Structures are given as structure tokens and as C-alpha cells.
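Good morning, colleagues. Please look at the model on the screen while I go through its salt bridges, its core and its helix packing.

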Amino acid sequence: MHKVPTDRREMRVIDPDQVCDATAVLADTEQVQHAATVLDALGEVNRLSILLALQHAGDLCVSDLAVAVGMSDSAVSHALRLLRAHGMVTAHREGRLVRYRISGGLAKRLLEVVSEEAVGPVRLHAHGAHDESEGGAPEPGRAG
């Protein structure tokens, strides 16, 4: 039996098996809505820049993020509030300083895909770390 919603059963269907499959894929409307929210947040260049900075540089405070992405502290704070509200970043306190990080889940996985296209191989300096796209090894003759 095909699982077409009752309110749509009188609609014309060409391939009931495919309609059934498509309906099943979209059944968890809460998860679909969450994915749309994450994609919406990633679709704005300033929020995407903040997320990419956090993804690659690690935990950062508002003022450091503002410098890195070229925004004001208040604009970064506003963007972070939205990203926190959607569960994409978390905050943790280190004394008087609040640092932000990527939460994980869908946002983190999507940022990995976006990074492959938008960031490419980058030599990172903080804490002797290297971007995974370089394989994590320091350049010959250079200390990490």
C-alpha cells in the first residue's frame, strides 16, 4: 500500500512507488525544517564566514571573530546569538572570556563539505595546528 497523505489521495499520481518514496523521505517534518534552518544560516556570507573561522581556527571570542571576518563586535554577537539559537554553535566561559565553537551535527558536516570548495588547503598557525586538508604534516624544514 502506498503512503500518500490522506489530504492528497485525490491528486493525480504518475508513479505511485516514487511518490511513496518521496513522501517517506519527507515524513519527519521537524528534521527537514531543522535542515532548512541550518542551510539558511549557511546561506548568509557573514554567518558562513563566522562558522568557517570557527571550523578551522577553533574556539574564538567575539572580538577575535570580528577581526577575522571583518565585522563589528556587535554584528558578530548578533550573528552568534542566531547561530546559538539554532544549535549551530555553543559558548563556553574561560574566566572573563567567552569562546564559541561549532556544535557538531549537521552544521559541522555541511561546513566540512563547504570548506572543501571555499577554503581549500590553508596552513594554520594557532597551537602548531595544520588544516586537515594538508594531511596535518608541517612543510619540510618548518616547525609546526
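Asp59 forms a salt bridge with Arg101, with 2.6 Å between the closest N and O atoms. By salt bridge I mean a side-chain nitrogen of Lys or Arg within 4 Å of a carboxyl oxygen of Asp or Glu. This is a predicted model, in which local features need pLDDT of at least 70 and side-chain atom pairs count only at pLDDT 80 or more, whereas totals for chains, interfaces and linings use all residues. Residues are numbered from 1 along each chain as its sequence is written, and side-chain values use heavy atoms, with hydrogens and water left out.

The Asp59 pair links distant parts of the chain, 42 residues apart: Asp59 lies in the loop between α3 (45–57) and β1 (60–61), and Arg101 in strand β3 (residues 97–102). Helices (H or I, at least four residues) and strands (E, at least two) are DSSP runs, numbered from the N terminus.

Leaving aside neighbours within four places in sequence, Asp59 is in contact with His92, Arg99, Tyr100 and Arg101, where contact means heavy atoms within 4.5 Å. Asp59 and Val98 are 39 residues apart in sequence, and their C-alpha atoms lie 9.4 Å apart in space.

How many salt bridges does the structure hold? There are two. The other joins the side chains of Glu94 and Arg99, at 2.9 Å from N to O. Glu94 has 42% relative accessibility and therefore counts as partly exposed.

I turn to the overall fold. The protein chain has six helices and three strands, in the order α-α-α-β-α-α-β-β-α along the sequence. Of its 144 residues, 27% count as buried. Among contacts between residues at least 6 apart in sequence, 42% join residues at least 24 apart.

Next, the core. A nonpolar core is a set of buried Ala, Val, Leu, Ile, Met, Phe, Trp, Tyr and Cys residues joined through side-chain atoms within 4.5 Å. The largest one has 25 residues, of which Ile50, Leu54, Val76 and Leu80 touch the most other members. At least two residues of this core come from each of α2, α3, α4 (62–69), α5 (73–85), β3 and α6 (105–118). The largest share, six residues, is that of α3. Beyond its neighbours within four places in sequence, Leu54 contacts Leu60, Leu65, Leu80, Val89, Tyr100 and Ile102.

Finally, helix packing. Axes are lines fitted to C-alpha atoms, for helices over the stretch in contact, and angles run from 0 to 180 degrees between N-to-C directions. Helix α2 (residues 29–42) packs against α3 at about 95°, with the axes 6 Å apart. That makes the two helices roughly perpendicular, a term for angles of 65 to 115 degrees. Asp40, Ala41 and Leu42 of α2 meet Arg47, Leu48 and Leu51 of α3.

α4 and α5 pack at about 105°, their axes 9 Å apart, so α4 is roughly perpendicular to α5. Val62, Ser63, Leu65, Ala66 and Val69 of α4 make this contact with Asp73, Val76, Ser77 and Leu80 of α5.

Technical notes: Buried means under 20% relative accessible area, exposed over 50%, partly exposed in between (1.4 Å probe, protein chains only). Angles under 35 degrees count as roughly parallel, over 145 as roughly antiparallel, 65 to 115 as roughly perpendicular and the rest as oblique.
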